[in-house]
Amino acid sequence: VLQSGDESRLQEFLAEIDRAPETVLPEAVFGASIWTHGLAAVEQFFAREILPTRSPEMRALGHVHLGYLRASRGRWIQALQEFHQAEQLNQAMGLVHRAFLTLQPFTPASRSELEQLRNTLTAWNADRVRPSPIPIAHFNIHDGLHDALRTYLLGLADVQVGELTPAAARAAELERAAGADANAVLRRTFGRSIRAVIAEARGNSNEALRVLGDGRLTVNYELALFSPIISRSADRYRRAVLLDAKGDVDQALRGYSSFRDFNFLDQVFAAPAALNAGRLAERSGRPVDARRHYERFAFLWEGADPDFQPLVEEAREAIARLPVEGN
């Protein structure tokens, strides 16, 4: 494990990454980020993917990775800048990830921003997206799915702006996909995700939970490692929130804890989940657990955007009043 301040080993890692061909570079960076303690070092790893000498495809992926890193730390303004840069290099890659995160419940998108995103998705010709020229999952994970992703994201956007009827039509379109292959399974999963969001918007939490099921993966584990959409991270977060609201404490806390160790891209849900878990544990008379969750949230979002700082202050106030483990 690379610790903060271990400059010589950091430079060794960076030199290895610089020598890596683009077919293995993302895997090297992912591996390095997992075994590194210290945000500054992780940022340096991902910055290696956007060097001017890299291909446009690699630089687009690098900006996406940096966007998720910024968003996972509550730096949404910087995250958007990264996603927009990714779009300039690879529209499909940048737009899919920007839209996915913008449409999450903890993202501070205004009504006008949601409408603009919906218009952008509507105008996007997803059917003309070409397969990635780099044949590894980091790049080609969404090949053959862009039309379904566009429909899925538009369905989420419809719900966000209160247009439930077109959202339901998009869900039905996706759920009509026939076959048992991964592509068809994912299309039907996307459709159910939209239906769950619609049910939640209508105040029917039981129906939303029924549609979401247990939140488990619907395709091969390896596929889910490279896409937070395929990993159902949004479904798992929504399910935990719904269980929380119903008072199912143990299941909700289990759901909130599912973003710690699965993959790097899922980490964007870790801080909001930790804050919710802290609130729930405190309400449920588990002060030591609550303090632990609040501490994780405050650590992750310490340098968050000004809009998020009231939440950080809430967590700090909770940490100050809650007991330390063992006391």
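Predicted model: local features only at pLDDT ≥ 70, side-chain atom pairs only at ≥ 80, totals over all residues.
User: Why is the pair E115 and R111 called a salt bridge?

Analyst: The N to O distance between their side chains is 3.1 Å. The cut-off is within 4 Å for a side-chain nitrogen of Lys or Arg and a carboxyl oxygen of Asp or Glu, so the pair qualifies. By this rule the count comes to 22 salt bridges.

User: Why is R111 called partly exposed?

Analyst: Its relative accessibility is 49%. Exposed requires over 50% and buried requires under 20%, so R111 falls in between. E115, at 24%, is also partly exposed.

User: Which residues are linked with R111 and E115 in a network of salt bridges?

Analyst: The network also holds R118, D158 and R170.

User: How do you know that R195 and E175 form a salt bridge?

Analyst: The N to O distance is 2.8 Å, and the limit is within 4 Å, so the pair counts. R195 lies in helix 11 (residues 182–201) and E175 in helix 10 (residues 164–175), so the bridge ties together parts that are 20 residues apart in sequence. R195 has a relative accessible area of 29% and is partly exposed; E175, at 25%, is partly exposed.

User: What about D266 and R236: are they buried or exposed?

Analyst: D266 has a relative accessible area of 0%, and R236 has 14%. Buried means under 20%, so both residues are buried. They form a salt bridge, with the closest N and O atoms 2.5 Å apart. D266 sits in the loop between helix 15 (249–256) and helix 16 (270–283), while R236 belongs to helix 14 (residues 233–246), so this pair ties together parts that are 30 residues apart in sequence.

User: How is the packing of helix 6 and helix 7 described?

Analyst: Two packed helices are described by the angle between their axes and the distance between the axes. For helix 6 (residues 91–102) and helix 7, the angle is about 145° and the axes are 11 Å apart. Their crossing is left-handed.

User: Which residues make this contact, and how do they divide by type?

Analyst: Helix 6 contributes L95, R98, A99 and T102, and helix 7 contributes L114, L117, T120 and L121. Five of the contact residues are nonpolar, two polar and one charged. Arg counts as charged, so R98 is the charged one.

Note on methods: Residues numbered from 1 in each chain as written. Heavy atoms only, no water. Buried < 20%, exposed > 50% of the residue type's maximum accessible area, 1.4 Å probe, protein only. Helix = DSSP H or I, 4+ residues; strand = E, 2+ residues; numbered from the N terminus. Axes fitted to C-alpha atoms, helices over the stretch in contact; angles between N-to-C directions. Left-handed = near helix turned anticlockwise from the far one by under 90°. Contact = heavy atoms within 4.5 Å.
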